[in-house]
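These are my notebook entries on a single protein chain. I set down what I looked up, in the order in which I looked.

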Amino acid sequence: MHDEPTPPGLGKRGSTFDDLAAFLQQPDPGGYPVQAVRECVCRSCGGRSFEVAVMEEENAARRTCLTCGQHEFIADSEEYWDDDTELECYCACPCGSEEFAAAVGYSLREDGDVRWVFVGLRCLTCGGLGIYEDWKISYGPSAFLLDRA
Ligand SMILES: [Zn+2]
Ligand SMILES: [Zn+2]
């Protein structure tokens, strides 16, 4: 069985990438501003629906294209990923679905490097929006992560 991370912002819904992008960019008091959002698109087939797994102990996320089955890592997750499947858990919407459209929100430093990444998911069944994982990027240059949604 998979553990299910509890997404913040529960109850918000959307139907498009723009809705998810707006959700990722909403002001979060005390949080970092998100200046850039990139939609997740399968680098292999162009698909836009995914299952998303995160690591229990590390901050890392891997998406699996529902169209072609290709696994791809979000941002720098490949460096932190452990192939032990016991440590993986699949993101699940409160409605029970594990199929999502996905986008990554980036908080940027003044010099353009990435400070923080947020993995936002939109449930393809009920439209529920959530940030299911986020982590700090503490090295530079890191602007290349903008191309690794
Ligand atoms: Zn694909
Ligand atoms: Zn749902």
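**Entry 1: Hairpins and strand pairing**

I began with the link from β2 to β3, which is a hairpin through five residues. I took two strands as paired if DSSP finds at least two bridges between them.

The model is a predicted one, in which local features need pLDDT of at least 70 and side-chain atom pairs count only at pLDDT 80 or more, while totals for chains, interfaces and linings use all residues. Residues are numbered from 1 along each chain as its sequence is written, and chains are lettered from A and ligands numbered from 1 in the order in which they are written.

I found that β2 and β3 are antiparallel, with five bridges between them. I noted that E51 has T64 in β3 as its bridge partner. Strand β2 also pairs with β5, in the antiparallel sense and over three bridges. There, A53 has Y90 in β5 as its bridge partner.

I then turned to β7 and β8, which run antiparallel and are joined by seven bridges. They too form a hairpin, with five residues between them, and G127 in its turn has a positive phi of about 85°. In this pair, L121 stands opposite G130 of β8.

**Entry 2: The chain as a whole**

I counted one helix and eight strands in the protein chain. The pattern along the sequence is α-β-β-β-β-β-β-β-β.

Along the principal axes, the C-alpha atoms fill a box of roughly 40 × 35 × 30 Å.

For contacts I used C-beta atoms, placed from the backbone, that lie within 7 Å of each other. Of the contacts with a separation of 6 or more, 61% are between residues 24 or more positions apart.

**Entry 3: Burial, the helix and the core**

I called a residue buried if 20 or more other C-beta atoms lie within 10 Å of its own, exposed if 12 or fewer, and partly exposed in between, with C-beta atoms placed from the backbone. By this count, 31% of the 149 residues are buried.

Which residues of helix α1 (residues 17–24) are buried? I listed L20, F23 and L24. They lie on the same side of α1, because they cover an arc of only 95° around the axis; the arc is that of the directions from the helix axis to the C-beta atoms. An α-helix has 3.6 residues a turn, so residues three or four places apart point the same way. Among the elements that cover the buried residues of α1 are β1 (36–39), β6, β7 (114–123) and β8 (129–136).

I took a nonpolar core as a set of buried Ala, Val, Leu, Ile, Met, Phe, Trp, Tyr and Cys residues joined through C-beta atoms within 7 Å. The largest has 33 residues, of which V52, F100, A102, A103, V104, V119 and L121 touch the most other members. At least two residues of this core come from each of α1, β2 (50–55), β3 (61–65), β6, β7 and β8. Leaving aside neighbours within four places in sequence, I saw L121 in contact with V52, C91, F100, A102, G130 and Y132.

**Entry 4: Single residues**

Is E133 buried or exposed? I marked E133 as buried, because it has 23 C-beta neighbours inside 10 Å. E133 is in strand β8, and beyond four places in sequence it touches V54, N59, A61 and V119.

I placed C95 in the loop between β5 (88–90) and β6 (100–108). C95 is exposed, because 10 other C-beta atoms lie within 10 Å. Setting aside residues within four places in sequence, C95 has contacts with C123, T125, C126 and G128.

In the loop between β4 (71–73) and β5 I looked up A75. Although A75 is not a glycine, it has a positive phi of about 55°. A75 is buried, with 25 other C-beta atoms within 10 Å.

Last, I checked P141, in the segment after β8. The peptide bond from G140 to P141 is cis, with omega near -5°.

Definitions and conventions:
Helix = DSSP H or I, 4+ residues; strand = E, 2+ residues; numbered from the N terminus. Contact = placed C-beta atoms within 7 Å.
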